[in-house]
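Let's take a walk through this protein together, starting from the inside and working our way out. Have the model open and follow along.

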Amino acid sequence: MNTAIQFTEEQERIINFDEGSLLVQAGPGSGKTAVLTQRIIRILKSTAGQTFKILTLTFTTKAAENMRQRIEEKIGEEWRRATISTFHAFCLDVLRHYGDHIDVRQPLSVYEQREDRLALLAKALVQEGLAVNGNRPDDRQLANLLDKIGERKRDLVLPAAVSTAKEEEIYFKAAYAGYNRQLELHHGVDFDDLLLLTYRLFLEAPRIARHYRRMYRYILIDEAQDTSRAQYEILKLLCGDEQRNVMIVADADQSIYHYAGANE
């Protein structure tokens with residue numbers, strides 16, 4: 001039984017598009033991820049034996065794994081020339097290899113669980129003398145404070161750049177700085193740090209960004225409507241002035257990560 005996907009003429013044009021930038025606007029159920037995957041397969045097949053790689057960034061581990069499986073089934077070992085990852089996993093790999101250029105200490109520990117990050121923030125408030133009578137804020141206040149720190153990181157705002165025009169901003173700045181100090185003491189980062197630190201690395205050590213630019217001849221972004229400012233700025237530094245083989249797949253009417261600061 002033949003279960004091969006039948007692509008439309010327009011989808012075929014996208015799949016066979018070669019050099020240059022490409023913006024694909026498509027909604028749910030349009031087959032956009034299948035088209036992106038087929039384009040990767042087509043490029044890898046047509047350049048078998050070459051050494052350049054393709055970087056594909058998406059927003060969930062499940063989506064990345066599904067794409068990897070589809071590609072491996074179609075082309076075997078050539079799939080290893082395709083890096084298919086979430087933004088955060090890609091940034092973690094970058095930092096583990098080159099984070100020492102911005103004094104990111106190794107081994108790097110990622111605080112994945114929200115409960116662990118809340119506990120670290122609560123400890124920071126006590127250490128910084130910000131807990132009233134030695135008592136941390138209630139759970140809701142602590143959660144709101146952690147969310148606000150995350151928002152600043154996704155907007156690439158470091159503690160030093162936080163305004164202190166109001167009393168509550170002075171408190172927040174101290175809490176933010178204290179939380180970061182606790183992370184550093186434990187050789188730790190949170191998810192938002194993965195983006196912020198990678199941005200810093202590419203900005204302050206541009207030869208690292210050039211290294212990745214040379215490695216990846218094609219860059220493809222799935223669900224691009226969900227990018228935060230940090231992700232967008234990382235992509236700009238990754239592409240530089242010369243990388244033009246960029247494919248962006250986006251649905252302007254759908255942004256399921258809007259709560260996490262998606263705005264580009």
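Start by finding F90: setting aside residues up to four places away in sequence, F90 touches L55, L57, S85, Y212, Y216 and L238, where touching, or contact, means heavy atoms within 4.5 Å. F90 also belongs to the largest nonpolar core, which has 55 residues, and F90, L121, L201, F202 and Y212 are the ones that touch the most other members. A nonpolar core here is a set of buried Ala, Val, Leu, Ile, Met, Phe, Trp, Tyr and Cys residues joined through side-chain atoms within 4.5 Å. Buried means under 20% relative accessible area, exposed means over 50%, and partly exposed is in between (1.4 Å probe, protein chains only). Apart from this core lies another one, of 26 residues, with L36, I54, W79 and L220 among them. In soluble globular proteins, nonpolar side chains tend to be buried together.

Before going on, a word on what you're looking at. This is a predicted model, in which local features need pLDDT of at least 70 and side-chain atom pairs count only at pLDDT 80 or more, while totals for chains, interfaces and linings use all residues. Residues are numbered from 1 along each chain as its sequence is written, and side-chain values use heavy atoms, with hydrogens and water left out.

Now zoom out. The protein has 10 helices and 7 strands; these are DSSP runs numbered from the N terminus, with helices (H or I) of at least four residues and strands (E) of at least two. Its C-alpha trace spans about 70 × 35 × 35 Å along the principal axes. Of its 264 residues, 47% count as buried. Look at contacts between residues at least 6 apart in sequence, and you'll find that 80% of them join residues at least 24 apart.

A89 and L195 are 106 residues apart in sequence, yet 9.8 Å apart in space, C-alpha to C-alpha. Over in helix α8 (residues 191-204) sits R200, also partly exposed, with a relative accessible area of 24%. Not counting residues up to four places away in sequence, R200 touches I102 and A205. R200 and L130 are 70 residues apart in sequence and 29 Å apart in space, again C-alpha to C-alpha.

Between α4 and β4 (109-110) you'll find P107, and a cis peptide bond joins Q106 and P107, with omega at about -5°. D103 lies in the loop between α4 and β4 too. Is D103 buried or exposed? D103 counts as exposed because its relative accessibility is 69%. D103 has a positive phi of about 65° although it is not a glycine. H187 is another non-glycine with a positive phi, of about 55°, and H187 lies in the loop between α7 (167-185) and β5 (188-189).

Finish at N245, in the loop between α10 (229-239) and β7 (246-250). Why does N245 count as buried? Because its relative accessibility is 9%. Leaving aside neighbours within four places in sequence, N245 is in contact with D18, E19, G20, R217, Y218 and I219. The N245 side chain reaches the backbone oxygen of R217 at 3.3 Å.

Conventions
Polar contact = N/O pair within 3.5 Å; in protein donor to acceptor, adjacent residues only side chain to side chain.
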